[in-house]
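User: Hi! I am new to protein structures and would like to learn how to read some of their features, one at a time. Could we go through this one together?

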Amino acid sequence: ADLEIMVRQFGYGGLKISKGLGLGVRDGYGALIPVDDPRLFPLWAKAGELGVPVFIHTADPAAFWLPVTPENERYAELSLHPTWSFAGPEFPARLELLRQLERVFAAFPQTRFVSVHMGNNAEDLDDVARVLRTYPNVYVDIAARVPEFGRHPADEVHAFFIEFQDRILFATDLQFSSRRGRTAYTLGSGGAEPNTREEVAPFYAAHRQYFETNERQIVHPTPIQGDWRVDAIGLPADVLDKVYYLNAHRLVLERRP
């Protein structure tokens, strides 16, 4: 009922579900609520009825399930954000969370889902492609995951974007906050200090370099997320238009009531 009010009366264009679902949100009895809990089925059905997409974040990179030691490839990030680690036995397995999410996709074919962060599984583009081919109601965004999918051979990533050019949305995980009366920025992932306004333009330029050129071994947009280089994929202009804004416009803005 709340979702219907927000969409019909206030013009909301979508529903965002955080990774807390499946990882931390518990019911009144203290039990962890799985992503595919039947008690949430009316919510997914209502989103489909209203025609608004569900942006859903489930799980996180595989390294977040490994011990936070210098051997972990995301140690620089996790050591600054220890609560992002899910290495303990109290957390569900990462692949189980992804399978729970897939069962939701299957159960609600009339509801459009945006599986954020490159399908929540950027390390495994083959599996993301399988999900997209299986469920035509599923989209992905690329927020803060260029480091992961950028590790794949450039020709494979290029082919992925060509095949799914109508179902990929540009995103960055750009966040704003106010600190001591000034605007602070988080560009994809937080470091020891907040990012500054002067860093915003280079952050977007790094994305454009990856998507628009064919340069090799470039620095990806979020270095704290992995100490490696990536190869750019040089997408055609018409595909860039779709990924950068047309797909989001069609999915969210054109369908708003």
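User: Is alanine 144 buried or exposed?

Analyst: The general idea is to look at the relative accessible area, where a value under 20% counts as buried. This is a predicted model, and in it alanine 144 has a relative accessibility of 5%, so alanine 144 is buried. You will find alanine 144 in the loop between strand E4 (138–141) and helix H8 (146–149).

User: What is the phi of alanine 144 near?

Analyst: Start with the background: most residues other than glycine have a negative phi. Alanine 144 has a positive phi, near 55°, and is a residue other than glycine. Alanine 59 has a positive phi too, of about 65°, although alanine 59 is not a glycine. Alanine 59 sits in the loop between strand E2 (54–56) and helix H4 (75–78), and with 1% relative accessibility alanine 59 counts as buried.

User: Which other residue has its place in the loop between E2 and H4?

Analyst: Phenylalanine 64 is one of them. Its relative accessible area is 3%, so phenylalanine 64 is buried.

User: Now the loop between H4 and H5. Is proline 89 buried or exposed?

Analyst: Proline 89 has its place in that loop, between H4 and H5, and at 83% relative accessibility proline 89 counts as exposed. Its C-alpha atom is separated by 22 Å from that of alanine 76, which is 13 residues apart from proline 89 along the chain. Histidine 81 is also placed in the loop between H4 and H5, but histidine 81 is buried, with a relative accessible area of 18%. Leaving aside neighbours within four places in sequence, histidine 81 is in contact with Gly190 and Gly191.

User: On to helix packing. At what angle do H7 and H9 pack?

Analyst: To read helix packing, look at the angle between the axes and how far apart they are. Helix H7 (residues 125–134) and helix H9 (residues 154–163) have axes 11 Å apart and pack at about 10°. Angles under 35 degrees count as roughly parallel, so H7 is roughly parallel to H9. Their crossing is left-handed. On the H7 side, Leu125, Val128, Ala129, Leu132 and Arg133 make the contact, and on the H9 side Val157, Phe160 and Glu163 do.

User: How do H5 and H7 cross?

Analyst: The axes of helix H5 (residues 94–107) and H7 come within 11 Å and cross at roughly 20°, so H5 and H7 are roughly parallel to each other. Here the crossing is right-handed. Arg99, Glu102 and Phe105 of H5 meet Asp127, Arg130 and Val131 of H7 in this contact.

User: Which residues of H7 are buried, and what covers them?

Analyst: The buried residues of H7 are Leu125, Asp127, Val128, Ala129, Val131 and Leu132. Their cover includes H5, helix H6 (116–119), E4, H8 and H9.

User: Last topic: rings. How many aromatic pairs are there?

Analyst: Rings of Phe, Tyr and Trp pair if their centres lie within 6.5 Å, and the count here comes to 17 aromatic pairs. In one of them, phenylalanine 170 and tyrosine 204, the ring centres are 6.4 Å apart and the planes are at 40°, so the pair is tilted. Phenylalanine 170 lies in the loop between strand E5 (168–169) and strand E6 (174–179), while tyrosine 204 lies in helix H10 (residues 200–212), so this pair ties together parts that are 34 residues apart in sequence. Phenylalanine 170 is partly exposed, at 22% relative accessible area, and tyrosine 204 is partly exposed as well, at 27%.

User: Which residues do ring pairs link into a cluster?

Analyst: The cluster links Phe149, Phe160, Phe161, Phe164, Phe170, Phe203, Tyr204, Tyr210, Phe211 and Tyr244. A charge can sit over a ring as well: arginine 151 lies over the face of tryptophan 228, 3.7 Å from the ring centre.

Note on methods: Residues are numbered from 1 along each chain as its sequence is written. This is a predicted model: local features need pLDDT of at least 70, side-chain atom pairs count only at pLDDT 80 or more; totals for chains, interfaces and linings use all residues. Side-chain values use heavy atoms; hydrogens and water are left out. Rings of Phe, Tyr and Trp (its six-membered ring) pair if their centres lie within 6.5 Å; planes under 30 degrees apart count as stacked, over 60 as edge-to-face and the rest as tilted. Helices (H or I, at least four residues) and strands (E, at least two) are DSSP runs, numbered from the N terminus. Buried means under 20% relative accessible area, exposed over 50%, partly exposed in between (1.4 Å probe, protein chains only). A charge sits over a ring if NZ of Lys or CZ of Arg is within 6 Å of the ring centre and within 35 degrees of the ring normal. Axes are lines fitted to C-alpha atoms, for helices over the stretch in contact, and angles run from 0 to 180 degrees between N-to-C directions. Angles under 35 degrees count as roughly parallel, over 145 as roughly antiparallel, 65 to 115 as roughly perpendicular and the rest as oblique. A crossing is left-handed if the near helix is turned anticlockwise from the far one by less than a right angle, and right-handed if clockwise. Contact means heavy atoms within 4.5 Å.
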